[in-house]
Amino acid sequence: MSSISSINRKTAPRTAFVLAGGGSLGAVEVGMLQALLDWGETPAFLVGASAGAINAAYFAADPTPAGASKLEQLWCGLKRRDVLPFNLRSVFGLLRRRDYLVDSHGLRRLLERHLPYRRLEQAPLPIHIVASDMLSGHEVLLSSGAVIDAVLASTAIPGVFPPVRIDTRLLVDGGVANNTPISSAIKLGATRIIVLPTGFACALDHPPTGAIARAMHALSLLVSRQLVQDAEQLADGPVELRIVPSLCPLDTSPYDYSAAGRLIGAAKLCTQRWLDEGGLDGAGVPMPLREHRH
């Protein structure tokens, strides 16, 4: 009996949840998490980039259904000004030739208020954050050190937020190098990867208004296309790759933080349906992530 148990332990997959970026569309990852947990999925570790880094950091503190519910409450109470406080101070900063639009103080305060641990290595569930070296564009994987600095670096959209200095490097948004860091999870030893994508607003009637809104929409399109390319390249690889379908049609801008509750509920139902239909048994890229319009 003990030898059989030993074999099972050796062959059991090492599952990683990979959480992609996407601004306010990061809310959909909460619904996906809830459905996956209800199904009995438990990751060995988390990898997050950009908005996915925020979700990963919070969920790693309490990787249970209760923790996912707390994350939902946080998203439902979130206002755009909590993350992107563009105001007169921002305008004055531009007039003084500051090289970014928005201070990250609001997001830092939010993280300080809600994260119960201070260093990545202290998280109850192992977590790895992806950022990008501002000079080289190379991916930087953060697995230890100050969690708040790591998340701020991973979410620092160039030109929107200031870069974050960690050690000797200036770091910016993980999306510059790898916004859906599947390759990072493989390097960390995952043999089974479940990707939680935010998707993109495929059903907008017109382009978002404003520089930040348009930049975030463009970034969400880039994330989805990169994910499709990565998944196709890894289709015949040794790692079991599963991608949760994103919401479609979706008419919410990644700059709109008012729809979090609706997005979470819809994503949970969509993911439950996908699981019931055997989604975890089949590989492939879900149609909503491929280029399309409505």
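Helices (H or I, at least four residues) and strands (E, at least two) are DSSP runs, numbered from the N terminus. The structure is a predicted model, in which local features need pLDDT of at least 70, side-chain atom pairs count only at pLDDT 80 or more, and totals for chains, interfaces and linings use all residues. Residues are numbered from 1 along each chain as its sequence is written, and side-chain values use heavy atoms, with hydrogens and water left out.

Let me begin with one residue. Arg192 belongs to strand E7, residues 192–196. Is Arg192 buried or exposed? Arg192 is buried, because its relative accessible area is 10%; buried means under 20% relative accessible area, exposed over 50%, and partly exposed in between, with a 1.4 Å probe and protein chains only. Contact means heavy atoms within 4.5 Å. Leaving aside neighbours within four places in sequence, Arg192 is in contact with several residues, including Pro13, Thr15, Glu41 and Glu240. With Thr15, there is a polar contact between the two side chains, at 3.0 Å. A polar contact is a pair of N or O atoms within 3.5 Å; within protein, one must be able to donate a hydrogen and the other to accept it, and residues adjacent in sequence count only if both atoms are side-chain atoms.

I turn now to the strands. Two strands pair if DSSP finds at least two bridges between them. Strand E1, residues 15–19, pairs with E2 in the parallel sense over four bridges, and Val18 has Val47 of E2 as its bridge partner. Between E1 and E2 the chain passes through helix H2, residues 27–39, in a right-handed β-α-β crossover. Right-handed means that, with the strands pointing away from the viewer, the path from the first strand over the helix to the second runs clockwise.

E2 also pairs with E3 in the parallel sense, over four bridges; here the partner of Val47 is His128. In strand E2, residues 45–49, five of its five residues are buried. Phe45, Val47 and Ala49 point one way, while Leu46 and Gly48 point the other way. In a regular strand the side chains alternate between the two faces of the sheet.

Ser50, in the loop between E2 and H3, has a positive phi of about 60° although it is not a glycine. Most residues other than glycine have a negative phi, and most peptide bonds are trans. Asp167, in the loop between E5 and E6, likewise has a positive phi, near 60°. Which of these two is buried, and which is exposed? Ser50 counts as buried because its relative accessibility is 6%, whereas Asp167 is exposed, with a relative accessible area of 67%. As for the peptide bonds, a cis bond joins Cys248 and Pro249, with omega about 0°.

Finally, consider helix H7, residues 105–114. Its buried residues are Gly106, Leu107, Leu110 and Leu111. Seen down the axis of H7, these residues fall within an arc of 135°, so they line one face of the helix; the arc is that of the directions from the helix axis to the C-beta atoms. The face turned away from the buried side carries the exposed residues Arg109 and Arg113. The buried residues of H7 pack against helices H3, H4, H5 and H8.
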